[in-house]
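Thanks for making the time, everyone. I would like to walk you through one protein chain this morning, so please have a look at the sequence and the structure first.

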Amino acid sequence: LNPNDALLAYRALGARYIAGVHWGAFDVTDEHLDQPPKQLINDAASLGIDQGALWLFALGETRVIP
């Protein structure tokens, strides 16, 4: 699943938020640990998705879904 697939699903479902998870905890690829959230932000911007809809969690962070 690439970020654009997730963003297109977010849009198709009419979701209020999209959460970027499973990044930054383990160094298992050649990309920098901060690359996935940067890519998600860039891809969302290119699709015209409001940055306020992106939830990018820090390690251990929680949020309440309104």
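Before I count anything, helices (H or I, at least four residues) and strands (E, at least two) are taken here as DSSP runs, numbered from the N terminus. On that basis the protein chain has two helices and two strands, and from the N terminus on these elements follow the order α-β-α-β.

Now, some care about the source. This is a predicted model, in which local features need pLDDT of at least 70 and side-chain atom pairs count only at pLDDT 80 or more, while totals for chains, interfaces and linings use all residues. Residues are numbered from 1 along each chain as its sequence is written, and side-chain values use heavy atoms, with hydrogens and water left out.

The confidence score, pLDDT, is the predictor's confidence in each residue, on a scale from 0 to 100. Its mean over the protein chain is 85, with 94% of the residues at 70 or more.

Turning to overall dimensions, the radius of gyration is taken over C-alpha atoms, and the globule rule is 2.2 Å times the number of residues to the power 0.38. For 66 residues a compact globule would come out near 11 Å, and the chain has 12 Å, which agrees. The C-alpha trace spans about 30 × 25 × 15 Å along its principal axes.

As for contacts, meaning heavy atoms within 4.5 Å, those with a separation of 6 or more include 57% that join residues 24 or more positions apart.

For burial, the cut-offs are under 20% relative accessible area for buried, over 50% for exposed, and partly exposed in between, with a 1.4 Å probe and protein chains only.

A15 sits in the loop between α1 (3–13) and β1, and counts as partly exposed because its relative accessibility is 33%; A15 and A53 are 38 residues apart in sequence, with 8.9 Å between their C-alpha atoms. H32 belongs to the loop between β1 and α2 (35–46) and is exposed, at 63% relative accessible area, and its C-alpha atom is 16 Å from that of N42, ten residues away along the chain. Finally, V64 lies in the segment after β2 and, at 74% relative accessibility, counts as exposed, while 19 Å separates the C-alpha atoms of V64 and Y10, which are 54 residues apart along the chain.
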